[in-house]
Amino acid sequence: MSFVTVKLSGVSASIGAFEHMKNATRNRIVRKSATAGTQPQLVAARRSNAFRNRLGLLRKSFGKKVRTYKSGITVGVVGPRRGFRSTGRLIRWNQTEIIDPVRYAHLVEHGHGGPRPASPKRFMKQAFNHSRGQATDRFSSKFSVEVMAEAAKAAAKAIAAAGRP
């Protein structure tokens, strides 16, 4: 698993405004930013040619999900989606079988032993390394835009409240 801790630089005005916001607003901003930040990795994973894709299911199943935990940590996950099932035909026995890419994606990524071993095809790690800079740029730009929009909204709300008798 690959982790990125984003250290924002050049957005000090945004960070100052961000620190004075409610937790719900903060979480919403970070979720939108994380969604924007995971998009380059998703695109890079779908374009990866590190593995042979017989039925096309693994590549089609890639998706992203952003999760915020109660502790306040927000995580963006890119990988095969659960429940992305399809029926495939086994050539050897001429039978149909339900194929779920979640069940074999880790075997493609890390390889496996056994009677017919396969070497690792690092498609997710390759996508992560390829898109790391672009992902942090997208995260920080989306973060700045969202924080400034929320700060402007809060300022307009304060002015409207001050104008009331």
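Two residues are in contact when they have heavy atoms within 4.5 Å of each other, and that is the sense in which residues are said to touch throughout this account. The structure is a predicted model, in which local features need a pLDDT of at least 70 and side-chain atom pairs count only at pLDDT 80 or more, while totals for chains, interfaces and linings use all residues. Residues are numbered from 1 along each chain as its sequence is written, and side-chain values use heavy atoms, with hydrogens and water left out.

Confidence comes before geometry. The pLDDT, which is the predictor's confidence in each residue on a scale from 0 to 100, averages 84 over the chain, and 87% of the residues score at least 70. Confidence is highest in strand 1 (residues 62–68), at a mean of 93, and lowest in strand 3 (residues 86–90), at 68. Where pLDDT is low, the predicted coordinates should not be read in detail.

The chain holds five helices and four strands, where helices (H or I, at least four residues) and strands (E, at least two) are DSSP runs numbered from the N terminus. Read from the N terminus, the elements follow the order α-α-α-β-β-β-β-α-α. Of the 165 residues in the chain, 31% are buried; buried means under 20% relative accessible area, exposed means over 50%, and partly exposed lies in between, with a 1.4 Å probe and protein chains only. The accessible surface of the chain, from the Shrake-Rupley method with a 1.4 Å probe and, for residues, only the protein chains shown as cover, comes to about 11,700 Å², of which 54% belongs to carbon and sulfur atoms. Among contacts in the chain with a separation of 6 or more, 54% are between residues 24 or more positions apart.

Thr-38, in helix 2, is buried, with a relative accessible area of 8%, and touches Lys-64, Gly-76 and Val-78, not counting residues up to four places away in sequence. The C-alpha atom of Thr-38 is also 8.7 Å from that of Arg-138, although the two residues are 100 residues apart along the chain. Gln-41, likewise in helix 2 (residues 23–47), is buried at a relative accessible area of 16%, and, with residues up to four places away in sequence not counted, touches Val-78, Met-124, Ala-127, Phe-128 and Ser-131.

Ser-131 leads on to helix 5, where a kink of about 55 degrees is centred on that residue. At 1.5 Å a residue, the 41 residues of helix 5 should span 60 Å, and the end C-alpha atoms are 57 Å apart, which agrees. A search of the whole structure finds two aromatic pairs. The rings of Phe-139 and Phe-143 have their centres 6.2 Å apart and their planes at 10 degrees, so this pair is stacked; rings of Phe, Tyr and Trp (its six-membered ring) pair if their centres lie within 6.5 Å, and planes under 30 degrees apart count as stacked, over 60 as edge-to-face and the rest as tilted. Phe-139 and Phe-143 are four residues apart in helix 5 (residues 123–163), and are thus separated by about one helical turn. Both Phe-139 and Phe-143 are buried.

Two further residues complete the picture. Val-75, in strand 2 (residues 74–80), counts as partly exposed at 27% relative accessibility, and touches Lys-65, Val-66, Arg-67 and Tyr-69, not counting residues up to four places away in sequence. Glu-109, in helix 4 (residues 105–110), is buried, with a relative accessible area of 7%; leaving aside neighbours within four places in sequence, Glu-109 is in contact with Pro-120, Lys-121, Arg-122, Phe-123, Met-124 and Lys-125.

How values were computed: Expected span 1.5 Å × (residues − 1). Bend = angle between axes of the 7 residues up to and from the residue.
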